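Dear colleague,

Please find the structure below, handed over for your review.

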Amino acid sequence: MKQLPFLLAAVLATAGFVRAEKLVIKGSDTLGAKLVPQLAEEYKAKNPSTSFEIAAEGSTTGITAIIDGTAQIGMSSRRAKSTEMSGGQAKGVSLKPTIVAYDGMAVIVNAKSSVTALTKRQVKQIFTGGATDWSAVGGSPGKISVYTRNTSSGTYSDWKELAMDKLDYAPSSQKMAGNEQILSEVAKNPNGIGYVGLAYIHAEGIKVIPIDGESPSKDSVIAKKYPYARPTFYYTNGEPSGEAAKFVDFTLSDEGQKIVEKVGFVPVR
Amino acid sequence: MATTRTKWLALLGSALIGAASAAFAQDSGPLIDLLVKKGLVNDQEAENLRAELVKDFAANTSAGKLDLSSRVQRFTLAGDVRVRYQYDNETQNTTTATSVTEPVQTNPNNDRSRYRYRFRFGPTVALTNNWITGLRLETANSSTSTNDDFGAPGSTNFAKDANTAYIGQVWIQYAATNKLGADRVDFRIGKYAHPFFNPGVNGFWIDTDINPEGLSEEFVFNNIFSKWSLAVRGGQYLLANNARAAGRVAPFLNTPSMLYIAQAELSNTHIFESNVYGIRIAPGFVAFSGQENNSMTLNQADTSTTSNYDNLFTLLMPVEYTFKVLNQPLAVYGTYGLNLHGAKRSDFLYSTSATSESPVFTSAAGDPSAYNQMFNFGLRFGGSRNPGDLQVTAEYRFIEPGAYSAILLDSDYNGGRTNGAGAILSVAYNWTDAVFSTVTFFHAENIDKNSIGAVGYHKADVLQIDFSAKF
């Protein structure tokens with residue numbers, strides 16, 4: 001009987017080991033390329049028994065993963081569509097959004113570009129194909145090369161809604177896998193233009209263009225003055241529970257929001 | 001503050017309860033944004049509200065349960081259903097004309113009653129960048145009729161084996177404004193309703209039941225001078241995908257037989273209370289491009305042939321003027337047509353030789369070469385869109401044997417044949433904006449009563465009583 005406490009301790013320890021969860025997080029490249037890995041690293045430092053699997057392949061994949069039950073948290077830089085909501089409901093999944101950070105989609109051009117400012121109307125013209133030469137929007141002559149995200153990206157959808165009045169992208173626009181790829185192409189191409197999240201604007205070879213006089217910044221996003229500001233989300237199946245709930249809480253904690261700001265996003269408070 | 005917050009939330013709540021509709025669920029974004037802007041709810045509360053609205057929309061509305069491709073900008077389902085009683089009294093000419101006197105009628109009282117129906121139904125799908133596509137199912141496989149029969153002879157009682165839907169239309173369209181120097185352009189390819197101005201009951205020079213197959217283009221220039229607009233239209237339609245046809249011998253030509261239509265419409269119109277007033281003038285032509293050589297067998301059976309594709313270049317001048325009388329629209333319309341190849345077409349129609357390239361006339365033929373003109377004129381009084389609208393149309397129609405092709409004519413008038421002159425009287429009443437009744441009477445007689453066999457009926461009377469619903 002004297003051995004009972006030791007046995008109990010061994011069982012509990014084993015149970016604790018077994019309970020060590022892998023948190024699967026899928027979705028947005030905007031969130032998943034930098035922010036969430038850093039949050040996960042910090043979280044893991046405090047909770048060593050938790051492991052992470054993070055896949056940043058676009059918001060659509062994150063929402064789909066929640067519906068399919070292949071992830072506990074779906075990262076998304078856009079709101080779930082009604083068809084996704086109904087698709088989830090058909091499978092008994094209730095998509096629950098939690099705002100984890102704000103972002104401003106910055107318009108970037110090559111650092112050597114003669115363009116220094118644009119209006120919302122000009123941006124719409126450029127991305128829908130209405131303006132195809134920089135001289136049409138006040139720049140030096142040159143055929144505009146438009147770089148966009150791919151169709152599974154939430155940023156791709158949000159940009160259509162916020163900057164293009166839901167019109168379609170110019171047929172000549174080139175679809176890139178992520179923010180880094182857009183940065184790279186615009187930095188190489190003197191006639192390039194694209195959009196990236198706030199976390200990506202301090203890169204070599206590009207410059208950020210103010211829109212209607214507003215530059216993307218923490219202040220302009222919080223004040224809702226920057227026209228291309230948006231919330232970013234974690235999606236869960238109903239209220240988050242277990243390890244996922246703890247990670248959501250951590251993301252929204254002071255510590256988590258400091259990381260949000262450090263990475264380049266705007267904290268929710 | 002609490003009062004204001006309560007007031008706004010009450011507004012949103014009452015809107016939610018009172019308008020649990022697709023439209024509200026989708027359009028509530030600006031209201032939620034306003035609540036956030038006024039500080040009545042925070043961003044997270046707003047997101048929760050949005051999510052609940054979308055879930056409610058998805059779970060409790062028909063639209064929310066429908067999953068359309070993201071490429072679809074707008075999905076429209078439309079169609080109509082018509083139930084018809086039809087009385088026909090059509091007496092055919094004898095199969096051959098053997099004397100200069102009027103042929104003896106083999107069945108002078110060839111009357112029958114038919115109880116018929118039709119439905120036409122299909123989607124029109126607007127895609128991005130001004131592209132549109134669609135299809136339509138139709139009853140009946142005839143090119144000039146969409147009617148199916150109740151109690152069709154040969155079928156068992158109430159059987160469905162004779163009730164079949166066919167692909168009546170299938171097309172891809174590009175329609176945009178301010179393109180290619182025009183105020184509006186419209187390009188279509190496939191099988192679809194033609195875009196040409198064609199005034200007359202069921203259309204004079206193309207039966208409205210026909211869905212030509214091929215390409216069409218339309219360029220519209222508004223206000224080219226004063227309030228006049230110009231619409232230029234062209235159609236290149238396939239009749240047969242190669243020249244293989246009865247009477248040909250191998251090797252067959254690998255050349256399509258085509259129907260070409262062109263029209264330039266000048267118009268000065270305006271819309272008042274859903275009715276179009278003003279003037280429309282639309283000169284143009286209809287032409288066949290068929291095999292190089294004529295064959296008697298290709299030309300004699302004008303009503304049913306699918307290979308009579310030459311000797312047609314008919315100039316057409318449709319005109320319509322609509323003005324207000326007794327606070328109702330009164331349209332005066334008409335079309336004059338002249339087949340520049342009418343003499344040759346007529347010659348072949350009257351020839352009795354099935355093999356010779358040169359026509360051989362009977363003594364009854366007279367001078368068929370003169371048969372190359374067609375026209376209609378009519379009056380149309382009243383509207384046809386709103387509940388209580390009564391529309392009365394009276395029209396006279398005259399089509400000489402060589403003026404045109406039976407392939408394109410309205411099958412209800414003179415059996416769809418040339419060599420007919422007569423009148424049409426039609427009365428339509430709208431019970432609602434979607435349900436209406438129509439009574440139409442057609443009467444036609446041969447222009448040349450000595451014509452051979454199938455070139456027109458001796459006499460054709462048709463009465464149609466329709467009850468229709470469109471959606």
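Two residues are taken to be in contact if their C-beta atoms, placed from the backbone, lie within 7 Å. This is a predicted model, in which local features need pLDDT of at least 70 and side-chain atom pairs count only at pLDDT 80 or more, while totals for chains, interfaces and linings use all residues. Residues are numbered from 1 along each chain as its sequence is written, and chains are lettered from A and ligands numbered from 1 in the order in which they are written.

Between the chains, 13 residues of chain A meet 15 residues of chain B. On the chain A side, helix H5 (82–90) and strand S4 (95–104) each give two or more residues; helices (H or I, at least four residues) and strands (E, at least two) are DSSP runs, numbered from the N terminus. H5(A) gives the most, with five residues.

Chain A contains eleven helices and ten strands. Of its 269 residues, 48% count as buried, that is, with 20 or more other C-beta atoms within 10 Å of their own.

A nonpolar core is a set of buried Ala, Val, Leu, Ile, Met, Phe, Trp, Tyr and Cys residues joined through C-beta atoms within 7 Å. The largest has 77 residues, and A:Leu35 and A:Val107 are among those with the most contacts inside it. Helix H3 (residues 35–46) of chain A supplies the largest share of this core, five residues. A second, separate core of 23 residues includes B:Ile206 and B:Leu312.

Yours sincerely

How values were computed:
Buried ≥ 20, exposed ≤ 12 C-beta atoms within 10 Å, placed from the backbone.
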